[in-house]
Amino acid sequence: MVGTAVLGGIEEQEWIDRIADPLQRGIQSVLKRAPTVARVLHGKFLGHPLHPVLVTVPIGAWSCALVLDMAGVGRGRRGRKLHRGADATAAIGLAGAVVAAAAGLADWSTTLGPAKRIGFVHGAMNMAIAGLYGASLASRAIGLRPLGIALSTAGFGLAGASGWLGGELIYRYGVGISNDACEQRPETQVPVPEAPIAETA
C-alpha cells in the first residue's frame with residue numbers, strides 16, 4: 001500500500017535523528033522545569049492527550065475559511081462580506097494551530113524510534129501549513145486575495161496529509177495510547193460483525 005510505503009520511507013531517514021534528538025532534549029528540559037505546564041500539555045487533567053482535542057480548532061476554522069472563500073468568489077459586495085469571514089476564520093485557525101502545536105511538541109518529545117521520525121515530519125508539515133496560512137493572511141491584508149486564497153487552499157490540502165500522519169501516530173504507533181489499552185479492549189469495544197454471506201441456491 002502507498003501509505004505503508006510512505007511510512008517506511010520516513011522511518012528509514014536516519015538524518016532526522018540528528019535534528020530530532022537535540023530538539024527533543026530541549027523540549028524535555030523545558031518541560032522538566034515546568035511540570036505543571038507539562039501535565040497540562042500532556043492532557044493529564046483530561047485523562048488523554050490534549051493535542052487531538054486542540055487540532056479540531058484549526059481544522060474546523062480552516063474548513064470554514066475554505067467554504068467562505070469559495071462561496072465569495074464572483075459575488076460582488078456579498079462576496080466581500082464572505083471573504084472577510086474567511087479572513088477571520090483563517091486567523092482563528094492559525095491561532096489555534098499555534099496552541100495545538102505546543103501540546104503536540106510535548107507529546108512528540110516522549111516518542112522513540114520510528115514514531116519520533118514520523119512525528120518530526122508531521123510537525124515539520126504543520127510548520128509549513130502555518131507558514132502558508134500566515135502568508136495567506138498577509139496577502140489578503142494587502143489586497144492580494146487570489147494569492148491569499150491559493151496559499152490557504154494549499155495549506156488546507158497539506159493539512160489533510162499531515163492529519164493522516166497524525167492518525168498513524170496514534171493508531172499505528174500508539175503515541176498517547178495508555179499502556180493497558182489493549183488489555184481493556186475486549187470489555188470496551190463491540191467487534192465489527194462479518195458481512196453476511198449470501199446463500200446460494
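How many helices and how many strands make up the secondary structure of the protein chain? The secondary structure comes to nine helices and zero strands, where helices (H or I, at least four residues) and strands (E, at least two) are DSSP runs numbered from the N terminus. This is a predicted model, in which local features need pLDDT of at least 70 and side-chain atom pairs count only at pLDDT 80 or more, while totals for chains, interfaces and linings use all residues. Residues are numbered from 1 along each chain as its sequence is written, and side-chain values use heavy atoms, with hydrogens and water left out.

**Overall composition**

- From the N terminus on, the order of elements in the protein chain is α-α-α-α-α-α-α-α-α.
- Of the 201 residues in the protein chain, 33% are buried; buried means under 20% relative accessible area, exposed means over 50%, and partly exposed lies in between (1.4 Å probe, protein chains only).
- Among contacts in the protein chain with a separation of 6 or more, 72% join residues 24 or more positions apart; a contact means heavy atoms within 4.5 Å.

**Packing of α6 against α7**

- Two packed helices are described by the angle between their axes and the distance between the axes.
- Helix α6 (residues 76-108) and helix α7 (residues 113-141) have axes that come within 10 Å and cross at roughly 160°; axes are lines fitted to C-alpha atoms, for helices over the stretch in contact, and angles run from 0 to 180 degrees between N-to-C directions.
- α6 is therefore roughly antiparallel to α7, given that angles under 35 degrees count as roughly parallel, over 145 as roughly antiparallel, 65 to 115 as roughly perpendicular and the rest as oblique.
- The crossing of α6 past α7 is left-handed, a term used if the near helix is turned anticlockwise from the far one by less than a right angle, with clockwise giving right-handed.
- On the α6 side, the contact is made by Ala86, Asp87, Ala90, Ala91, Leu94 and Trp108; on the α7 side, by Ala115, Lys116, Gly119, Phe120, Ala130, Tyr133, Gly134, Leu137 and Arg140.
- The contact of α6 with α7 has 10 nonpolar, two polar and three charged residues; Ala, Val, Leu, Ile, Met, Phe, Trp, Tyr, Cys and Pro count as nonpolar, Asp, Glu, Lys and Arg as charged, and the others, Gly among them, as polar.

- The axes of helix α2 (residues 15-33) and α7 come within 10 Å and cross at roughly 85°, so α2 and α7 are roughly perpendicular to each other.
- Ile16, Asp17, Ile19, Ala20, Asp21 and Gln24 of α2 make this contact with Lys116, Arg117, Phe120 and Val121 of α7.
- In the contact of α2 with α7, five residues are nonpolar, one is polar and four are charged.
- Helix α1 (residues 2-11) packs with α7 at an angle of about 105°, with the axes 8 Å apart, which makes α1 roughly perpendicular to α7.
- Leu7, Ile10 and Glu11 of α1 form this contact with Pro114, Arg117, Ile118 and Val121 of α7.
- The contact of α1 with α7 comprises five nonpolar, no polar and two charged residues.

**Aromatic pairs**

- The count comes to two aromatic pairs; rings of Phe, Tyr and Trp (its six-membered ring) pair if their centres lie within 6.5 Å, and planes under 30 degrees apart count as stacked, over 60 as edge-to-face and the rest as tilted.
- Tryptophan 62 and tyrosine 133 form a stacked pair, at 4.0 Å centre to centre and 5° between the planes.
- Tryptophan 62 lies in helix α5 (residues 56-72) and tyrosine 133 in helix α7, so this pair ties together parts that are 71 residues apart in sequence.
- Tryptophan 62 and tyrosine 133 are both buried.
- The ring centres of tryptophan 108 and phenylalanine 120 are 6.4 Å apart with the planes at 45°, so this pair is tilted.
- Tryptophan 108 in helix α6 and phenylalanine 120 in helix α7 are 12 residues apart, and both are buried.

**Individual residues**

- Glutamine 24, in helix α2, is buried, with a relative accessible area of 6%.
- Not counting residues up to four places away in sequence, glutamine 24 touches Trp108, Ser109, Thr110, Thr111 and Lys116.
- Histidine 51 lies in helix α4 (residues 51-54) and counts as buried at 16% relative accessibility.
- Leaving aside neighbours within four places in sequence, histidine 51 is in contact with Ala100, Ala103, Gly104, Asp107 and His122.
- Alanine 91, placed in helix α6, is partly exposed at a relative accessible area of 34%.
- The C-alpha atoms of alanine 91 and alanine 65 are separated by 9.2 Å, the two residues being 26 residues apart along the chain.
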